[in-house]
Amino acid sequence: PALPGLSTRACVGLWLAAGILAAMVLIPLSRAWQLAPDLGHGWAAPILIAYLWWERWPHRPAFAPKRAPAWSAVLLVALILPALLILRLLLDPFPLWPMAVVFYESLLVGLTLWGAWLLAGGPGVRWIGGALLVLPAVMPWPTTIESSIILPIREGIATVVAEISNLAGHPALATGTSIKLGTSWVGIDEACGGIRSLQATVMAALFAGEWLLLTAGRRVALAGFGVFAAVAGNFGRVLFLSWCAMQGGDTLHRWHDPAGWLALGFSIAITGWLAWHWRSTTRSEATPVAPRAASGKLSPAVLTGILGVAGVLCLIEVSNRLWYAYGGLGSTTEPPQWTIQLPEDLPGYRNIPLPEASSELLVPDHFVSGTWSGNDHIARTANYIEWHTGQAARSIPFMHNPEICLPFSGLELVKSLGVIDVHWERGVVPFQTYIFRRMDREMLVAFTIWDPVKGQPMQNGSSGTRMDWWLAHWQIVREVRLNQPAQMLSFAIHDPNHPERLPEELGHLLTSAPKAIP
């Protein structure tokens, strides 16, 4: 569309710069949306933002070009653009790193608002920035929010639903975030997952607040109500699935996914109803129609500066892609590779399929699980996962492993036994070992998260100084390790009295792999 008061050449340049900025914002976010199940709603954000701008296009502010202060160019060249380059290089191997995503997107939004101020002053900033308020709901949130707030809420939901089931005459027991009803479990497959509808409902609340032009206080209250609605929807979902489990047969499996969609629909619908109610009971605060004529002339220097920044952003994206295609300090040596061989020839061996809900959380490239009993008639269980390409293995194994997930599935951590070394024919693999208890039964649990490229356990940066953590992340960029393969093996034996048997038992499972994980 033409922009009144500007030449055709200037219009083309500004639309080109806007397109480049939009692409720079969306490319890293789209990768996060692909990896995180809780961000599957992210694809709707660009549509909602574009709708807000389209709806308000007739009310856009008039051009009132400003002169940029001299210090802004120094800040841009010396700090903002170099920071964008560094963050962009980090986001390809770490697309779910919350702080990196937030800083990167904040810098781009800041550049967008700065450009809006140069073109139309304060009204331009408000017109452009209002729609961008949707973005916080589609970015990865810190894992502490899930571990410290969301999962305890899910534990509370499980407890309340179990009590309701007991009052209704159906014995139930809440164990962590899951519920046991007779021989059925509700929520066991996604025991350490979040509330899927939470961020989607917050996005709907942020969009509705801007669309209906609610006051700042009501927008904050609406976002808070959206969180409450998502929790209430999840409570209804768990309660309904518990009722399905009582019916027996495949009722629980048949209604598992539809119940999730119903919970999401309920959460968004009730949040939207409240937003509309608040809007319809308050005075109109519609944006006044601005004059269409420009109140000044856009200087060539400002236009050149905006196009120059857009060009540098393009260069940053191209440099990022070239670096991961041709650069790096990668090693050519390949450490010994291992895999597992489960005792499938034993008479009592049974394969365990990966439930769909767990598959969405883990996104594995290869999974095998089995349970069996030895000559001592003691049950054993092993789960083995491989991630071949992509970046999922940089975060998922540290968010979903026995140490994290077993307590939320109802097991109590009794004791940590430290690290044991398991010898196999070509090396040593260290395993973390624990004793867990469910009710009055204890078990030994061991697991390892392995980096087949370096031939050592993977590190998540929780140890060492913050500088060591940053340097470890930057080393991955220097080595061009865009793809991170990984292996995770967990093993449980339902006998806590003989931890000394773990190295031998695990050693029997490990065997040489013909080649590295692709």
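**Entry 1: helices α6 and α7**

I looked up how helix α6 passes helix α7 in this predicted model, and I recorded a right-handed crossing. A crossing is called right-handed if the near helix is turned clockwise from the far one by less than a right angle, and left-handed if anticlockwise. I noted that α6 covers residues 197–211 and α7 residues 216–247, and that they pack at about 155° with their axes 8 Å apart. Axes are lines fitted to C-alpha atoms, for helices over the stretch in contact, and angles run from 0 to 180 degrees between N-to-C directions. The angle makes α6 roughly antiparallel to α7; this term applies over 145 degrees, while under 35 counts as roughly parallel, 65 to 115 as roughly perpendicular and the rest as oblique.

I then listed the contact, meaning heavy atoms within 4.5 Å. On α6 the contact is made by Ser197, Leu198, Thr201, Val202, Ala205, Ala208, Gly209 and Glu210, and on α7 by Arg219, Leu222, Ala223, Gly226, Val227 and Ala230. By class I found eight nonpolar, four polar and two charged residues in the contact of α6 with α7. Here Ala, Val, Leu, Ile, Met, Phe, Trp, Tyr, Cys and Pro count as nonpolar, Asp, Glu, Lys and Arg as charged, and the others, Gly among them, as polar.

**Entry 2: conventions and the whole protein**

Residues are numbered from 1 along each chain as its sequence is written, and side-chain values use heavy atoms, with hydrogens and water left out. As the model is predicted, local features need pLDDT of at least 70 and side-chain atom pairs count only at pLDDT 80 or more, whereas totals for chains, interfaces and linings use all residues.

I recorded 14 helices and 13 strands in the protein. These are DSSP runs numbered from the N terminus, helices being H or I of at least four residues and strands E of at least two. The C-alpha trace spans about 90 × 65 × 35 Å along its principal axes.

**Entry 3: helices α1 and α9**

I next turned to helix α1 (residues 8–35) and helix α9 (residues 300–326), whose axes come within 9 Å and cross at roughly 35°. Here α1 passes α9 in a left-handed crossing. The contacting residues include Leu14, Ile20 and Met24 of α1 and Ile306, Leu313 and Ile316 of α9. By class, this contact of α1 with α9 has 14 nonpolar, one polar and three charged residues.

**Entry 4: the sheet β1-β2-β3**

I found an open sheet of three strands in the order β1-β2-β3, with antiparallel pairing. Two strands pair if DSSP finds at least two bridges between them. The edge strands are β1 (173–175) and β3 (184–186), each pairing on one side only. Neighbouring strands of this sheet are turned by 30° against each other on average, direction ignored. Three bridges join β1 to β2 (residues 178–181), and Leu173 stands opposite Lys180 in β2. Helix α5 (residues 143–167) lies across β1 and β2, at about 20° to β2.

How many residues of strand β12 are buried? I counted eight of the eight residues of β12 (486–493), so this strand is largely enclosed by the rest of the structure. Ala486, Met488, Ser490 and Ala492 point one way from β12, and Gln487, Leu489, Phe491 and Ile493 point the other way.

Strand β7 (residues 379–387) pairs with β12 in the antiparallel sense over eight bridges, and Tyr384 has Leu489 as its bridge partner in β12. Strand β10 (residues 441–451) is joined to β12 by seven bridges, also antiparallel, with Ile449 opposite Met488.

The strands β6 and β7 form a hairpin with five residues between them, and His377 in the turn has a positive phi of about 65°.

**Entry 5: Pro61**

Where is Pro61 placed? I located Pro61 in the loop between α2 (44–55) and α3 (70–91). Pro61 counts as buried at 19% relative accessibility. Pro61 and Gly124 are 63 residues apart in sequence and 6.0 Å apart in space, C-alpha to C-alpha.

How values were computed
Buried < 20%, exposed > 50% of the residue type's maximum accessible area, 1.4 Å probe, protein only.
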